[in-house]
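Subject: Structure for you to look at

Hello,

Here is the structure I said I would pass on. Please open it first, then read the notes below it.

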Amino acid sequence: MSSRARRTDLVAQLEQTLEAFDEAGGHRVLAEAFAELDLEDALSDVLLPYLHGMGERWSKGAIGVAQEHFASNVIRTRLSLLMNSEARTEGPLAVLACMPGEHHEFGLMAMALALSRLGWRTCYLGADTPTTELDLTCLTLHPDAVVLAAHSHTAFEAHGPSLRRIARSTSLHIAAGGATDDVSELCHASHLDGDPVWAARVLHDALGRTAPHRTSPHRAAPHRDEPSAV
Ligand code: B12
């Protein structure tokens, strides 16, 4: 089987297993994909196409919410395991979070993984992150970059003042469907266009090669009563 046919086959096998509530089967196919292919190819050519197809089937009513939730939970578990195994103790640091109200995190997890592969440390805050907590995390960790994702532009716009404050002390990047050039300007952020694997390369080329060499662990956390303005 050609490499291209094998990728198509893995996408089909994910559909067959995950949408039949076959947890062991779904994990097996995901494990095969990440073992056989480069991490970036497994994400771009298998996982992301599967997610798009799954969303289409769900929006057309071909599968139900239960199947979508089941598949999402298996995928989230597998991505978490990979993030754990790819975690680094040195290199530039990226903080990654979904904006408040945003629960779609696979794009962000994919970017965290791709950044790890490029030599970055990542601090993954996940879905629905309050901007006050993000601010505090940035004060604590002094990351080289912050990457925020949201499917709706209002999720960024509603937090313009907080995001502009964060952008004063770190390199701020926004991504996913809600990120536009106008919103980026409003938030003093850069717009990471394209898929998460591509975006990781763009960020790495812009910042990763020049970031000072740093290792974990970091400074002590600031006291929570400290003002968060920088
Ligand atoms: C899995 C999933 C969920 C899961 C998420 C689980 C999780 N832990 O992440 C759950 C069940 C929580 C969920 C909930 C909902 N979902 Co949903 N979901 C999906 C699904 C199937 C996959 C999403 C995904 O991860 N895709 C992979 C990403 C990478 O692809 P993408 O979203 O197309 O993003 C592209 C770019 O924007 C960019 N990108 C995206 N994220 C990032 C991040 C970074 C850092 C970068 C650089 C780039 C990037 O890369 C992609 C291009 O390759 C999509 C279908 C689809 N087409 O994607 C629907 C979809 C996104 N969901 C949808 C909807 C409507 C919902 C709900 C409102 C449903 C409901 N009624 O409750 C809620 C909203 C939850 C919320 N408040 O955020 C719609 C959105 C429609 C719209 N345009 O607004 C979609 C498109 C389904 C559909 N066809 O209608 N969902």
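**What was found**

The shell around the ligand takes at least two residues from each of α3 (39–59), α4 (65–86), α5 (106–117), β3 (145–149) and α10 (196–208). Please keep in mind that this is a predicted model.

**The ligand**

How many residues surround the ligand? There are 30, and the closest are G55, F106, G107, A175 and A199. The largest share of this shell comes from α3, which supplies seven residues. Sorted by class, the shell has 13 nonpolar, eleven polar and six charged residues. Both domain 1 (3–85) and domain 2 (89–208) take part, each with at least three residues in the shell.

**The two domains**

The domain assignment divides the protein into domain 1 (3–85) and domain 2 (89–208). The C-alpha centres of the two domains are 24 Å apart. Ten residues from domain 1 and ten residues from domain 2 make up the contact. On the side of domain 1 that touches domain 2, the elements giving two or more residues are α3 and α4. Of these, α3 gives the most, with six residues. That side of domain 1 has eight nonpolar, one polar and one charged residues.

There is also a database record to compare with this. UniProt, in an unreviewed entry, lists residues 12–82 as "domain: B12-binding N-terminal". In the model, residues 12–82 are 85% helix and 0% strand.

**The nonpolar core**

The largest nonpolar core has 63 residues, and those that touch the most other members are L96, M111, V147, F156 and I174. The largest share of this core is from α5, with eight residues. Where does this core lie relative to domain 1 and domain 2? It lies between them, because domain 1 (3–85) and domain 2 (89–208) both give residues to it.

Leaving out residues up to four places away in sequence, M111 touches L96, V147, P196, A199 and A200. One of these, A199, is also among the closest residues to the ligand.

Is L108 buried or exposed? L108, which is found in helix α5, counts as buried because 26 other C-beta atoms lie within 10 Å, and the cut-off for buried is 20 or more. Not counting residues up to four places away in sequence, L108 touches L96, C98, V147 and A149. L96 and V147 are also on the list of residues that M111 touches. L108 and L192 are 84 residues apart along the chain, and their C-alpha atoms are separated by 11 Å.

With residues up to four places away in sequence left out, L79 touches F106, M109 and L113. Of those, F106 is also one of the closest residues to the ligand. From L79 to D38 is 41 residues in sequence and 14 Å in space, C-alpha to C-alpha.

Regards

How values were computed: Residues are numbered from 1 along each chain as its sequence is written. This is a predicted model: local features need pLDDT of at least 70, side-chain atom pairs count only at pLDDT 80 or more; totals for chains, interfaces and linings use all residues. A residue is near a molecule or strand if its C-beta atom, placed from the backbone, lies within 6 Å of it. Helices (H or I, at least four residues) and strands (E, at least two) are DSSP runs, numbered from the N terminus. Ala, Val, Leu, Ile, Met, Phe, Trp, Tyr, Cys and Pro count as nonpolar, Asp, Glu, Lys and Arg as charged, and the others, Gly among them, as polar. Domain bounds come from an automatic or database domain assignment. UniProt positions are given in the numbering used here, feature names are shortened, and annotations may be inferred rather than shown by experiment. A nonpolar core is a set of buried Ala, Val, Leu, Ile, Met, Phe, Trp, Tyr and Cys residues joined through C-beta atoms within 7 Å. A residue is buried if 20 or more other C-beta atoms lie within 10 Å of its own, exposed if 12 or fewer, and partly exposed in between; C-beta atoms are placed from the backbone. Two residues are in contact if their C-beta atoms, placed from the backbone, lie within 7 Å.
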